[in-house]
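Dear colleague,

Please find below the structure that I am handing over to you.

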Amino acid sequence: MGRGLTPLQRDLVEEFGNIYEGYGLSRLKGLIVGLLLTQAEPLSLDDIATLLNRSKGPISSTIRELASIGLVRKVNGPENRRDYYVAHPDLFLNNFKFNLATVRKNRRTAEQFLREMEASGDPAHQAAIERLRHMQAFYRLMEQFYENFTQEWERVRAQLEAAGVSSS
């Protein structure tokens, strides 16, 4: 690759590591996403390892995880025998959808235990039942928000693309 990151690029990469870590996720995931956002050209695993000053093994397994949830994608690069990666064009939407899946799981959990506790008729469950009703209402509203936001984002993205603003 022959070049490093500018100080501002390095700060952005580090901040993405901090953000991911703050959400309880792997710092390395954030570093890789941040790095790929700074690059105009695809990076190989070796490039990523060099720029992040990390060993290739953890980079390889982390990049596979990121690809599986649609945050990065494999692309063709200058050398056919190497894998190259870029930030997925729908990185932010895919991350949002990943969060929506968690919201849905939380709502389903509330509904499952609410049904079971109500059906049990056990007065010892009353406090939990009340809290689960709040949880259910909260996550239903959040799910609706996520769905509405996704529709609005699709509209805004179409406007950006019509104006020539590319996500890749």
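In the protein, confidence is lowest in helix H5 (residues 91-120), with a mean of 94, and highest in helix H2 (residues 27-38), with 97. These values are pLDDT, the predictor's confidence in each residue on a scale from 0 to 100, while helices are DSSP runs of H or I with at least four residues, numbered from the N terminus. The average pLDDT of the protein is 93, and 98% of the residues score at least 70.

This is a predicted model, in which local features need pLDDT of at least 70 and side-chain atom pairs count only at pLDDT 80 or more, whereas totals for chains, interfaces and linings use all residues. Residues are numbered from 1 along each chain as its sequence is written, and side-chain values use heavy atoms, with hydrogens and water left out.

The protein comprises domain 1 (7-87) and domain 2 (90-166), with bounds from an automatic or database domain assignment. Their centres, taken over C-alpha atoms, lie 28 Å apart. Six residues from domain 1 and six residues from domain 2 make the contact, defined as heavy atoms within 4.5 Å.

Between them the domains bury about 510 Å², of which 77% is on carbon and sulfur atoms; buried area is the accessible area (1.4 Å probe) that two parts lose on being put together, summed over both. On the side of domain 1, Ile69, Gly70 and Leu71 lose the most area to domain 2, together 63% of what that side buries.

Zero salt bridges are counted between domain 1 and domain 2, a salt bridge being a side-chain nitrogen of Lys or Arg within 4 Å of a carboxyl oxygen of Asp or Glu.

Yours sincerely

Note on methods
Helix = DSSP H or I, 4+ residues; strand = E, 2+ residues; numbered from the N terminus.
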